[in-house]
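Dear colleague,

Please find below the structure that I am handing over to you. My notes on it follow directly after.

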Amino acid sequence: SHTFSIVAEKEIADVDASAILLYTRTNLGGDDFLGIHSITPSLGYGFTPNWYASFSYNFQNKNFIGAEERDSEVHSVGVNNFVFFMDGKANVSFGYRIEDENTESSEFDYLGHFLHAKVKAPIPGAAIAKWNPTATLGWAYYNKNYNSLTASISDERQDERTTLSLGLTADVTTRVQAKFAYEKIEAISNLVTADFNENIATLSFGVTF
């Protein structure tokens with residue numbers, strides 16, 4: 001998958017305005033599979049010194065190669081909030097997005113609701129303070145309700161996905177930072193091929209110079 005992007009940002013009075021233009025081309029099994037054009041304008045505003053919110057709209061045009069019945073246009077609107085505390089060292093973020101996908105074949109049309117919440121804070125303790133450890137705990141949920149019958153199950157498809165995430169970061173040295181991330185995903189669907197559980201663990205290191 002290859003993605004090309006252009007980002008424009010401008011501060012207008014107290015409002016942060018931005019727009020992201022993306023084009024993604026994906027191969028599957030070595031064959032051309034999918035092209036996506038996407039544009040996302042957004043506005044951000046600090047309502048108080050500790051509360052910042054952003055509002056965004058996203059449009060996608062999907063072009064499936066050899067599966068034109070899945071070609072679609074997607075419209076979504078979302079809001080994200082960030083509340084800071086502990087002198088800005090910690091924050092809570094939460095948001096909601098509604099998404100509507102209209103495809104050439106009505107079988108793939110759906111209305112989706114996406115919610116997420118995350119807390120990020122330093123880990124207290126004099127004995128570990130030199131490592132500047134930080135922990136994040138997150139939750140995300142989405143629900144997709146398809147508008148028409150899915151032929152393979154003779155029913156309207158319904159998908160739910162819940163993701164729990166945990167992250168830990170620490171300074172190994174003054175220049176090296178370590179990060180551990182874990183995600184547990186539970187996907188429930190009446191379409192068997194979309195029903196699964198997944199566990200993802202990642203360990204990474206970064207160097208500043």
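Residues 24 or more positions apart account for 40% of the contacts in the chain with a separation of 6 or more, where a contact means heavy atoms within 4.5 Å. Please note that this is a predicted model, in which local features need pLDDT of at least 70 and side-chain atom pairs count only at pLDDT 80 or more, while totals for chains, interfaces and linings use all residues. Residues are numbered from 1 along each chain as its sequence is written, and side-chain values use heavy atoms, with hydrogens and water left out.

The chain has 0 helices and 11 strands; helices (H or I, at least four residues) and strands (E, at least two) are DSSP runs, numbered from the N terminus. The C-alpha trace spans about 60 × 45 × 30 Å along its principal axes.

Of the 209 residues, 26% count as buried, that is, under 20% relative accessible area, whereas exposed means over 50% and partly exposed lies in between (1.4 Å probe, protein chains only).

A nonpolar surface patch of about 950 Å² includes Phe 85, Met 86, Leu 166 and Phe 205. Strand E9 (155–171) and strand E11 (196–207) each give two or more residues to the nonpolar patch. Leu 166 is found in strand E9 and is partly exposed, with a relative accessible area of 35%.

Yours sincerely

Notes
Patches are made of residues with over 30% relative accessible area and no salt bridge: like charges are joined within 9 Å, nonpolar side chains (Val, Leu, Ile, Met, Phe, Trp, Tyr) within 5 Å. Accessible areas come from the Shrake-Rupley method with a 1.4 Å probe; for residues, only the protein chains shown count as cover. A salt bridge is a side-chain nitrogen of Lys or Arg within 4 Å of a carboxyl oxygen of Asp or Glu.
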